[in-house]
Amino acid sequence: MTASALYPLKLRPTVHVKVWGGRRLADLMQKPLPTSEPVGESWEIHDSAIVVNGPLQGSTLGDLARRYGAELLGGGHDPGAGFPLLAKLIDATDWLSVQVHPNDEQAQRLEGEPRGKTEAWVVLHADLGARLVIGLRPGTTRAQMGEAIRHNRLEDFLVYAEVAAGDVLHIPANTIHALGPGLLIYEIQQASDTTYRLYDWGRLGLDGQPRELHIEKALQVANLAALPEVEQPKQDLLVDGEYFRSWRHELSGDRLAINTGGRFQALTCIAGDVNVAAGGADAITLNQGESGLIPACIAQCVIRGHGVVLRASPP
């Protein structure tokens, strides 16, 4: 099959059971969940996402990245390293671990992984009083942090931010952070699952055992001075970062034309439903909670309908 056969791809995500997860992905995003277990994450755009339309049905994005390279990904990406971004929907009914991620150089050196993890959160739903951890109290030293972790009192040093629907937090690699209970989040990030847990609130995992901490590596990579600000953007562009850009588009029966600039476009519908046409191929419909991808070789896509779409692409 030639690269010209690429077309708008509708994707089936993979869902992940988490001790802190819940049922909001079904209740608020209309997602079918396979079991009654607590689901924390739906990996919408990722190597593991499966194409459900057209001739490439059954292929994963990872398969297509290796097969088509720049035709799917655009220039500047190594197909052997897989799809470069990961878009998730996250349901937090309890605190996630307090954690930190390495940057590219640290991930390569410490883990042999191709990339680190810079991410951003878009709050889709927040219970009243829902909070995030955005870093450590200014002036905290590495020795104080290590001592607090060993004595299970890291809460004394955390900085919290209350959030509401529409808030956005851009989290560069090396930033200490955590999601709190009562939140439904869209996350866009570098495609890496390298996470160093600093603190897990004294909780046991689903297997009844304490979850592993990664204190030594976390202390190596953490930027103790990082304290990003929660924002509520007033325009479509939500994040303009080194690794990705992200937008929110609200449609009320109108038409939105997007020039891709040779970059793939990751689309997730978070309300209503939209129709996405591109490249003369069959259009795809994205209902609430569904995602799709416009390959980089397609110059323009057109979105129509009544809904809200989150879009992400490389910078």
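Biologist: Which conventions apply here?
Modeller: This is a predicted model, in which local features need pLDDT of at least 70 and side-chain atom pairs count only at pLDDT 80 or more, while totals for chains, interfaces and linings use all residues. Residues are numbered from 1 along each chain as its sequence is written, and side-chain values use heavy atoms, with hydrogens and water left out.

Biologist: How many salt bridges does the structure hold?
Modeller: The structure holds 16 salt bridges, a salt bridge being a side-chain nitrogen of Lys or Arg within 4 Å of a carboxyl oxygen of Asp or Glu.

Biologist: What about Arg24 and Asp127?
Modeller: Their side chains form a salt bridge with an N to O distance of 2.9 Å. This pair links distant parts of the chain, 103 residues apart: Arg24 lies in helix H1 (residues 24–27), and Asp127 lies in the loop between strand S7 (119–126) and strand S8 (131–136). Helices (H or I, at least four residues) and strands (E, at least two) are DSSP runs, numbered from the N terminus.

Biologist: Is Arg24 buried or exposed?
Modeller: Arg24 is buried, because its relative accessible area is 16% and buried means under 20%, with exposed over 50% and partly exposed in between (1.4 Å probe, protein chains only). Asp127 counts as partly exposed, at 32% relative accessibility.

Biologist: And where do Lys88 and Glu187 meet?
Modeller: Lys88 and Glu187 meet through their side chains in a salt bridge, at 3.6 Å from N to O. Lys88 belongs to strand S5 (residues 85–92) and Glu187 to strand S12 (residues 183–190), so the pair links distant parts of the chain, 99 residues apart. Both Lys88 and Glu187 are buried.

Biologist: Which partner does Arg245 have?
Modeller: Arg245 forms a salt bridge with Asp240, and their closest N and O atoms are 3.1 Å apart. Arg245 is partly exposed, with a relative accessible area of 26%, whereas Asp240 is exposed at 53%.

Biologist: Which residues are joined into one network?
Modeller: Asp94, Asp200, Arg203 and Arg211 are joined by salt bridges that share partners.

Biologist: Changing topic, where is Ala296 found?
Modeller: Ala296 is in the loop between strand S18 (291–294) and strand S19 (300–313).

Biologist: What does Ala296 touch?
Modeller: Not counting residues up to four places away in sequence, Ala296 touches Ala70, Glu71, Leu72, Leu73, Gly74, Thr260, Gly262, Arg263 and Phe264; contact means heavy atoms within 4.5 Å.
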